[in-house]
Amino acid sequence: VAVDSARLSDSINHAVYNHRMVLDLPLILETRKNHALEHATLHLLARKYTTPMAGHSNPTGFFLLGDIQTDDVIACANEARTRLNAGESGLAVHEGCGTNLVVATLLPATFAWIPLREARSTFWRFWLIPFALILALFGYLLSRPLGPWLQKHITTEADLGNMQIVDVRLVRKGLHQVVTK
């Protein structure tokens with residue numbers, strides 16, 4: 001038994017190590033850092049603006065969509081960078097993130113599909129619908145904590161290191177680009 005648990009421990013350590021390696025690849029890590037900065041900036045902008053806002057991150061920075069002033073984007077992005085670097089990692093997680101939406105959609109759909117996939121007749125599919133709905137509800141309830149957890153550990157990186165904001169520009173009305181390096 002000791003040998004099996006040692007192998008399991010080695011396998012888990014290897015998986016965690018490889019997982020970190022992938023997340024720390026240059027383009028992925030830069031996107032994760034920009035994703036964290038985007039979320040933090042949106043949190044700070046939400047103190048002043050009640051209009052709908054959204055963002056999209058990539059390795060070179062992020063875009064903000066919304067009727068917001070460029071000066072406010074500059075101020076909030078700089079404050080967000082400072083606060084993330086000071087350890088306020090909670091700013092990197094945002095309730096409106098696409099990660100939450102994907103998890104809240106895919107998990108219930110997958111859970112509902114499980115009992116229906118093997119049903120060979122319409123009769124059995126009909127009778128399995130209540131069970132599928134219960135599993136979908138369970139999947140949705142599970143997605144509520146899973147989405148923020150995935151943001152914190154996978155899709156964002158709150159430790160920005162020496163990342164700098166190079167430029168903030170208005171691309172067109174309602175669209176700002178924040179360039180980082």
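Reply: Start with G55, which stands opposite L64 of β2. That's one spot in the pairing of β1 with β2, which is antiparallel and runs over 5 bridges; strands pair, by the rule used here, if DSSP finds at least two bridges between them. The strands are DSSP runs of E with at least two residues, the helices runs of H or I with at least four, and both are numbered from the N terminus. β1 and β2 make a hairpin, with 2 residues between them.

Before going further: this is a predicted model, where local features need pLDDT of at least 70 and side-chain atom pairs count only at pLDDT 80 or more, while totals for chains, interfaces and linings use all residues. Residues are numbered from 1 along each chain as its sequence is written, and side-chain values use heavy atoms, with hydrogens and water left out.

Now back to L64, which also stands opposite H176 in β4. β2 (61–65) and β4 (175–180) pair over 5 bridges, in the antiparallel sense. Put together, you get an open sheet of 4 strands, ordered β1-β2-β4-β3, with antiparallel pairing. β1 (54–58) and β3 (165–172) are the edge strands, each pairing on one side only. Neighbours in the sheet are turned by 15° against each other on average, direction ignored; the axes are lines fitted to C-alpha atoms (for helices, over the stretch in contact), and angles run from 0 to 180 degrees between N-to-C directions.

Two helices pack on this sheet. α2 (26–45) touches β1, β2, β3 and β4, and its direction makes about 160° with that of β1; contact here means heavy atoms within 4.5 Å. α3 (70–85) touches β2, β3 and β4, at about 150° to the direction of β3.

α3 has 16 residues and reaches 23 Å from first C-alpha to last, close to the 22 Å expected at 1.5 Å a residue (that is, 1.5 Å times one less than the number of residues). Its buried residues are D72, V73, C76, A77, A80, R81 and L84, where buried means under 20% relative accessible area, exposed over 50%, and partly exposed in between, with a 1.4 Å probe and protein chains only. Seen down the axis of α3, they fall within an arc of 160°, so they line one face; the arc is that of the directions from the helix axis to the C-beta atoms. That buried set packs against α2, β2, β3 and β4. After α3 comes G87, with a positive phi near 105°.

So where does L64 end up? With L37 and L84, L64 is among the residues with the most contacts inside the largest nonpolar core, which has 23 residues. Such a core is a set of buried Ala, Val, Leu, Ile, Met, Phe, Trp, Tyr and Cys residues joined through side-chain atoms within 4.5 Å. α2, β2, α3 and β3 are the elements giving two or more residues to this core, and α2 supplies the largest share, 6 residues. Leaving out residues up to four places away in sequence, L37 touches F62, A77, A80, R81, L84, L160, M163, I165 and T180.

Among the residues F63 touches, beyond four places in sequence, are G55, V171 and H176. The C-alpha atoms of F63 and V171 are separated by 9.2 Å, although they sit 108 residues apart along the chain.
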